[in-house]
Amino acid sequence: MDKINQTFVSEFLLLGLSGYPKTEIIYFALILVMYLVILIGNGVLIIVSIFDSRLHTPMYFFLGNLSFLDICYTSSSVPSTLVSLISKKRNISFSGCAVQMFFGFAMGSTECLLLGMMAFDRYVAICNPLRYPIIMSKVVYVLMASVSWLSGGINSMVQTSLAMQLPFCGNNIINHFTCEILAVLKLACADISLNIITMVISNMAFLVLPLLVIFFSYMLILYTISRINSATGRHKAFSTCSAHLTVVIIFYGTIFFMYAKPKSQERPGEDKLQTSDKLISLFYGVVTPMLNPIIYSLRNKDVKAAVKYLLNQKPTQ
(Lines give C-alpha, C1' and ligand atoms only; values in the text may rest on other atoms or scores of the structure.)
Protein backbone atom coordinates (compact mmCIF):
# COMPACT_ATOMS: atom_id res chain seq x y z
CA MET A 1 0.00 0.00 0.00
CA ASP A 2 2.83 2.42 0.85
CA LYS A 3 4.42 1.73 -2.53
CA ILE A 4 1.16 2.52 -4.32
CA ASN A 5 0.75 5.78 -2.38
CA GLN A 6 4.29 6.82 -3.27
CA THR A 7 3.68 6.38 -6.99
CA PHE A 8 0.43 8.38 -7.04
CA VAL A 9 0.59 12.11 -7.78
CA SER A 10 -2.59 14.20 -7.61
CA GLU A 11 -1.06 17.44 -8.84
CA PHE A 12 2.16 18.95 -10.18
CA LEU A 13 4.08 22.08 -9.25
CA LEU A 14 5.40 24.16 -12.16
CA LEU A 15 8.61 25.98 -11.20
CA GLY A 16 8.87 28.28 -14.21
CA LEU A 17 11.18 31.14 -13.19
CA SER A 18 10.46 30.86 -9.47
CA GLY A 19 14.07 31.66 -8.61
CA TYR A 20 13.90 35.00 -10.45
CA PRO A 21 11.01 37.06 -8.97
CA LYS A 22 11.92 40.33 -10.74
CA THR A 23 12.30 38.52 -14.04
CA GLU A 24 8.83 36.99 -13.58
CA ILE A 25 7.20 40.42 -13.64
CA ILE A 26 8.99 41.30 -16.85
CA TYR A 27 8.04 37.99 -18.44
CA PHE A 28 4.42 38.41 -17.37
CA ALA A 29 4.19 41.73 -19.24
CA LEU A 30 6.00 40.38 -22.29
CA ILE A 31 3.97 37.17 -22.52
CA LEU A 32 0.68 39.03 -22.01
CA VAL A 33 1.46 41.44 -24.86
CA MET A 34 2.63 38.62 -27.13
CA TYR A 35 -0.47 36.54 -26.34
CA LEU A 36 -2.74 39.45 -27.27
CA VAL A 37 -0.81 39.88 -30.54
CA ILE A 38 -1.24 36.14 -31.20
CA LEU A 39 -5.01 36.30 -30.66
CA ILE A 40 -5.47 39.47 -32.73
CA GLY A 41 -3.01 38.65 -35.53
CA ASN A 42 -4.09 35.06 -36.07
CA GLY A 43 -7.73 35.99 -35.57
CA VAL A 44 -7.48 38.58 -38.35
CA LEU A 45 -5.86 36.04 -40.68
CA ILE A 46 -8.67 33.56 -40.02
CA ILE A 47 -11.34 36.19 -40.65
CA VAL A 48 -9.87 37.47 -43.93
CA SER A 49 -9.26 33.92 -45.20
CA ILE A 50 -12.95 33.13 -44.59
CA PHE A 51 -14.67 36.33 -45.73
CA ASP A 52 -12.45 37.43 -48.64
CA SER A 53 -13.28 35.29 -51.68
CA ARG A 54 -9.89 36.12 -53.24
CA LEU A 55 -8.25 34.09 -50.48
CA HIS A 56 -10.35 30.96 -51.02
CA THR A 57 -7.34 29.00 -52.26
CA PRO A 58 -5.42 26.01 -50.82
CA MET A 59 -2.55 28.18 -49.57
CA TYR A 60 -4.80 30.45 -47.52
CA PHE A 61 -6.89 27.52 -46.35
CA PHE A 62 -3.73 26.00 -44.86
CA LEU A 63 -2.76 29.41 -43.48
CA GLY A 64 -6.14 29.70 -41.76
CA ASN A 65 -5.61 26.25 -40.24
CA LEU A 66 -2.15 27.30 -39.07
CA SER A 67 -3.55 30.44 -37.44
CA PHE A 68 -6.32 28.50 -35.68
CA LEU A 69 -3.73 25.98 -34.51
CA ASP A 70 -1.51 28.73 -33.06
CA ILE A 71 -4.45 30.17 -31.11
CA CYS A 72 -5.34 26.71 -29.73
CA TYR A 73 -1.74 25.90 -28.84
CA THR A 74 -1.04 29.11 -26.94
CA SER A 75 -4.46 29.14 -25.25
CA SER A 76 -3.77 25.69 -23.79
CA SER A 77 -0.77 26.93 -21.81
CA VAL A 78 -0.28 30.72 -21.82
CA PRO A 79 -3.24 31.67 -19.55
CA SER A 80 -2.05 29.27 -16.82
CA THR A 81 1.52 30.54 -17.24
CA LEU A 82 0.34 34.14 -16.79
CA VAL A 83 -1.60 33.18 -13.65
CA SER A 84 1.42 31.45 -12.15
CA LEU A 85 3.66 34.44 -12.89
CA ILE A 86 1.37 37.03 -11.31
CA SER A 87 -0.31 35.09 -8.49
CA LYS A 88 2.39 32.56 -7.62
CA LYS A 89 -0.21 29.81 -8.07
CA ARG A 90 2.01 27.18 -9.63
CA ASN A 91 0.12 23.96 -8.99
CA ILE A 92 -1.79 22.15 -11.72
CA SER A 93 -3.93 19.04 -11.31
CA PHE A 94 -2.86 15.69 -12.75
CA SER A 95 -5.72 15.73 -15.28
CA GLY A 96 -5.04 19.39 -16.10
CA CYS A 97 -1.40 18.54 -16.76
CA ALA A 98 -2.44 15.68 -19.05
CA VAL A 99 -4.80 17.94 -21.02
CA GLN A 100 -2.15 20.63 -21.37
CA MET A 101 0.42 18.07 -22.52
CA PHE A 102 -2.02 16.57 -25.03
CA PHE A 103 -2.91 19.89 -26.66
CA GLY A 104 0.69 21.08 -26.73
CA PHE A 105 2.00 17.92 -28.39
CA ALA A 106 -1.01 17.61 -30.72
CA MET A 107 -0.70 21.17 -31.98
CA GLY A 108 3.07 20.83 -32.49
CA SER A 109 2.68 17.56 -34.42
CA THR A 110 -0.12 18.98 -36.56
CA GLU A 111 1.85 22.12 -37.37
CA CYS A 112 4.78 20.04 -38.65
CA LEU A 113 2.47 18.24 -41.07
CA LEU A 114 0.68 21.43 -42.13
CA LEU A 115 3.99 23.11 -42.98
CA GLY A 116 4.86 20.09 -45.13
CA MET A 117 1.46 20.26 -46.85
CA MET A 118 1.97 23.98 -47.52
CA ALA A 119 5.38 23.30 -49.09
CA PHE A 120 3.82 20.68 -51.39
CA ASP A 121 1.10 23.18 -52.32
CA ARG A 122 3.76 25.75 -53.30
CA TYR A 123 5.62 23.10 -55.32
CA VAL A 124 2.51 22.23 -57.34
CA ALA A 125 1.59 25.91 -57.82
CA ILE A 126 5.01 26.86 -59.21
CA CYS A 127 6.20 23.66 -60.89
CA ASN A 128 2.84 22.45 -62.29
CA PRO A 129 0.69 25.59 -62.57
CA LEU A 130 -1.56 24.22 -65.32
CA ARG A 131 -2.47 21.13 -63.29
CA TYR A 132 -2.67 23.00 -59.98
CA PRO A 133 -6.51 23.32 -59.88
CA ILE A 134 -6.81 19.57 -60.54
CA ILE A 135 -4.12 18.34 -58.16
CA MET A 136 -5.02 20.73 -55.35
CA SER A 137 -8.80 20.52 -55.60
CA LYS A 138 -10.93 21.43 -52.60
CA VAL A 139 -11.49 17.77 -51.71
CA VAL A 140 -7.74 17.14 -51.77
CA TYR A 141 -6.59 20.08 -49.64
CA VAL A 142 -9.39 19.64 -47.10
CA LEU A 143 -8.41 15.96 -46.84
CA MET A 144 -4.73 16.92 -46.42
CA ALA A 145 -5.56 19.28 -43.55
CA SER A 146 -7.89 16.73 -41.93
CA VAL A 147 -5.17 14.05 -42.03
CA SER A 148 -2.74 16.51 -40.42
CA TRP A 149 -5.12 17.25 -37.52
CA LEU A 150 -6.11 13.61 -37.03
CA SER A 151 -2.52 12.32 -37.15
CA GLY A 152 -1.34 15.00 -34.72
CA GLY A 153 -4.13 14.14 -32.31
CA ILE A 154 -3.44 10.40 -32.43
CA ASN A 155 0.29 10.93 -31.98
CA SER A 156 -0.30 13.18 -28.98
CA MET A 157 -2.78 10.75 -27.44
CA VAL A 158 -0.20 7.96 -27.59
CA GLN A 159 2.63 10.09 -26.17
CA THR A 160 0.48 11.61 -23.42
CA SER A 161 -0.97 8.24 -22.36
CA LEU A 162 2.48 6.66 -22.13
CA ALA A 163 3.87 9.60 -20.16
CA MET A 164 1.01 10.01 -17.66
CA GLN A 165 0.78 6.31 -16.77
CA LEU A 166 4.35 6.34 -15.43
CA PRO A 167 4.93 6.20 -11.65
CA PHE A 168 6.36 9.42 -10.20
CA CYS A 169 7.08 8.26 -6.63
CA GLY A 170 5.75 11.48 -5.13
CA ASN A 171 8.08 13.67 -7.22
CA ASN A 172 5.73 16.31 -8.62
CA ILE A 173 7.95 19.37 -9.21
CA ILE A 174 8.19 20.16 -12.94
CA ASN A 175 11.12 22.40 -13.79
CA HIS A 176 9.24 24.17 -16.58
CA PHE A 177 6.54 26.74 -17.38
CA THR A 178 4.07 24.09 -18.56
CA CYS A 179 3.50 20.33 -18.49
CA GLU A 180 5.97 19.83 -21.32
CA ILE A 181 6.45 16.14 -22.01
CA LEU A 182 10.24 16.01 -21.65
CA ALA A 183 10.09 17.84 -18.32
CA VAL A 184 7.45 15.40 -17.04
CA LEU A 185 9.44 12.34 -18.16
CA LYS A 186 12.34 13.49 -15.96
CA LEU A 187 10.13 12.96 -12.89
CA ALA A 188 9.40 9.31 -13.62
CA CYS A 189 10.89 6.74 -11.25
CA ALA A 190 10.59 3.90 -13.75
CA ASP A 191 12.13 2.83 -17.03
CA ILE A 192 11.14 5.24 -19.81
CA SER A 193 12.72 3.31 -22.68
CA LEU A 194 9.32 2.79 -24.33
CA ASN A 195 8.63 6.53 -24.13
CA ILE A 196 11.98 7.33 -25.74
CA ILE A 197 11.46 4.78 -28.52
CA THR A 198 7.98 6.06 -29.36
CA MET A 199 9.23 9.65 -29.26
CA VAL A 200 12.04 8.81 -31.69
CA ILE A 201 9.48 7.24 -34.02
CA SER A 202 7.29 10.31 -33.58
CA ASN A 203 10.24 12.58 -34.40
CA MET A 204 10.85 10.65 -37.61
CA ALA A 205 7.22 10.79 -38.69
CA PHE A 206 6.35 14.33 -37.64
CA LEU A 207 9.67 16.15 -37.85
CA VAL A 208 11.93 14.43 -40.36
CA LEU A 209 9.40 13.34 -43.01
CA PRO A 210 7.66 16.75 -43.32
CA LEU A 211 11.10 18.40 -43.39
CA LEU A 212 12.13 16.12 -46.26
CA VAL A 213 8.95 17.07 -48.12
CA ILE A 214 9.76 20.74 -47.52
CA PHE A 215 13.39 20.31 -48.59
CA PHE A 216 12.69 18.48 -51.85
CA SER A 217 9.73 20.74 -52.66
CA TYR A 218 11.93 23.82 -52.40
CA MET A 219 14.77 22.19 -54.34
CA LEU A 220 12.35 21.61 -57.21
CA ILE A 221 10.88 25.10 -56.77
CA LEU A 222 14.34 26.71 -56.94
CA TYR A 223 15.16 24.66 -60.02
CA THR A 224 11.95 25.77 -61.72
CA ILE A 225 12.48 29.41 -60.75
CA SER A 226 16.06 29.34 -62.07
CA ARG A 227 14.72 28.43 -65.50
CA ILE A 228 12.47 31.52 -65.64
CA ASN A 229 14.08 34.05 -67.99
CA SER A 230 12.50 37.18 -66.52
CA ALA A 231 13.97 38.56 -63.28
CA THR A 232 10.52 39.92 -62.42
CA GLY A 233 9.01 36.49 -62.95
CA ARG A 234 11.62 34.85 -60.73
CA HIS A 235 11.02 37.39 -57.97
CA LYS A 236 7.25 37.00 -58.21
CA ALA A 237 7.47 33.20 -58.09
CA PHE A 238 9.79 33.14 -55.08
CA SER A 239 7.84 35.84 -53.21
CA THR A 240 4.89 33.43 -52.93
CA CYS A 241 7.15 31.06 -50.93
CA SER A 242 9.26 33.46 -48.85
CA ALA A 243 6.79 33.82 -45.97
CA HIS A 244 6.32 30.06 -45.65
CA LEU A 245 10.07 29.44 -45.84
CA THR A 246 10.70 32.01 -43.07
CA VAL A 247 8.13 30.35 -40.80
CA VAL A 248 9.63 26.91 -41.49
CA ILE A 249 13.13 28.07 -40.52
CA ILE A 250 11.93 29.61 -37.24
CA PHE A 251 9.65 26.70 -36.36
CA TYR A 252 12.02 23.85 -37.14
CA GLY A 253 15.03 25.67 -35.70
CA THR A 254 13.45 25.75 -32.24
CA ILE A 255 11.53 22.48 -32.27
CA PHE A 256 14.51 20.41 -33.43
CA PHE A 257 16.58 21.83 -30.59
CA MET A 258 13.88 20.81 -28.11
CA TYR A 259 12.73 17.39 -29.33
CA ALA A 260 15.27 15.87 -31.69
CA LYS A 261 17.22 14.34 -28.78
CA PRO A 262 14.95 13.30 -25.91
CA LYS A 263 16.62 13.58 -22.51
CA SER A 264 15.70 10.89 -20.02
CA GLN A 265 17.44 11.99 -16.86
CA GLU A 266 18.33 15.19 -15.11
CA ARG A 267 21.99 15.47 -14.22
CA PRO A 268 23.58 17.72 -11.59
CA GLY A 269 25.21 20.98 -12.63
CA GLU A 270 22.80 21.63 -15.50
CA ASP A 271 20.81 24.54 -14.01
CA LYS A 272 21.93 27.00 -16.67
CA LEU A 273 21.17 24.51 -19.42
CA GLN A 274 17.70 23.83 -17.96
CA THR A 275 16.94 27.56 -17.79
CA SER A 276 18.07 27.87 -21.41
CA ASP A 277 15.79 24.96 -22.41
CA LYS A 278 12.83 26.63 -20.67
CA LEU A 279 13.43 29.95 -22.40
CA ILE A 280 13.77 28.24 -25.80
CA SER A 281 10.53 26.40 -25.11
CA LEU A 282 8.92 29.75 -24.29
CA PHE A 283 10.23 31.12 -27.59
CA TYR A 284 8.72 28.17 -29.46
CA GLY A 285 5.46 28.37 -27.53
CA VAL A 286 4.79 32.10 -27.72
CA VAL A 287 7.13 33.98 -30.04
CA THR A 288 6.74 31.67 -33.05
CA PRO A 289 2.88 31.81 -33.08
CA MET A 290 3.17 35.59 -32.70
CA LEU A 291 5.54 35.91 -35.67
CA ASN A 292 3.48 33.75 -38.04
CA PRO A 293 0.71 36.31 -38.78
CA ILE A 294 3.23 39.16 -38.83
CA ILE A 295 5.41 37.38 -41.38
CA TYR A 296 2.48 36.38 -43.59
CA SER A 297 0.88 39.81 -43.47
CA LEU A 298 4.08 41.79 -44.08
CA ARG A 299 5.35 39.57 -46.88
CA ASN A 300 2.06 38.85 -48.63
CA LYS A 301 0.32 41.42 -50.78
CA ASP A 302 -2.92 39.42 -50.96
CA VAL A 303 -3.29 39.31 -47.17
CA LYS A 304 -2.48 43.02 -46.81
CA ALA A 305 -4.99 43.86 -49.52
CA ALA A 306 -7.67 41.68 -47.88
CA VAL A 307 -7.10 43.28 -44.47
CA LYS A 308 -7.31 46.80 -45.95
CA TYR A 309 -10.45 45.84 -47.86
CA LEU A 310 -12.21 44.55 -44.73
CA LEU A 311 -11.13 47.56 -42.66
CA ASN A 312 -12.38 50.00 -45.30
CA GLN A 313 -15.75 48.34 -45.68
CA LYS A 314 -18.60 50.50 -44.38
CA PRO A 315 -21.43 48.85 -42.47
CA THR A 316 -24.68 48.67 -44.41
CA GLN A 317 -27.49 50.88 -43.23
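The crossing of helices H2 and H4 is left-handed, a term used when the near helix is turned anticlockwise from the far one by less than a right angle, with right-handed used if it is turned clockwise. The structure is a predicted model, in which local features need pLDDT of at least 70 and side-chain atom pairs count only at pLDDT 80 or more, while totals for chains, interfaces and linings use all residues. Residues are numbered from 1 along each chain as its sequence is written, and side-chain values use heavy atoms, with hydrogens and water left out.

The axes of H2 (residues 21–51) and H4 (residues 78–87) come within 9 Å and cross at roughly 155°. Axes are lines fitted to C-alpha atoms, for helices over the stretch in contact, and angles run from 0 to 180 degrees between N-to-C directions. H2 is therefore roughly antiparallel to H4 (angles over 145 degrees count as roughly antiparallel, under 35 as roughly parallel, 65 to 115 as roughly perpendicular and the rest as oblique). On the H2 side, the contact (heavy atoms within 4.5 Å) is made by Glu24, Tyr27, Phe28, Ile31, Leu32 and Tyr35. H4 contributes Val78, Pro79, Thr81, Leu82, Leu85 and Ile86. By class, these are ten nonpolar, one polar and one charged residues; Ala, Val, Leu, Ile, Met, Phe, Trp, Tyr, Cys and Pro count as nonpolar, Asp, Glu, Lys and Arg as charged, and the others, Gly among them, as polar.

A second pair is formed by H3 (residues 58–75) and H7 (residues 138–164), which pack at an angle of about 25° with their axes 10 Å apart. H3 and H7 are therefore roughly parallel to each other, and their crossing is right-handed. Pro58, Phe61, Phe62, Asn65, Phe68 and Leu69 of H3 meet Tyr141, Val142, Met144, Ala145 and Trp149 of H7. This contact holds ten nonpolar residues, one polar and no charged.

In the protein as a whole there are twelve helices and three strands, taken as DSSP runs numbered from the N terminus (helices H or I, at least four residues; strands E, at least two). Of its 317 residues, 45% count as buried (under 20% relative accessible area, with exposed over 50% and partly exposed in between; 1.4 Å probe, protein chains only). H5 is mostly covered, with 24 of its 34 residues buried.

Asparagine 292 lies in H11 (residues 271–298) and is buried, with a relative accessible area of 4%. Apart from neighbours within four places in sequence, asparagine 292 is in contact with Leu66, Asp70, Glu111 and Val247.
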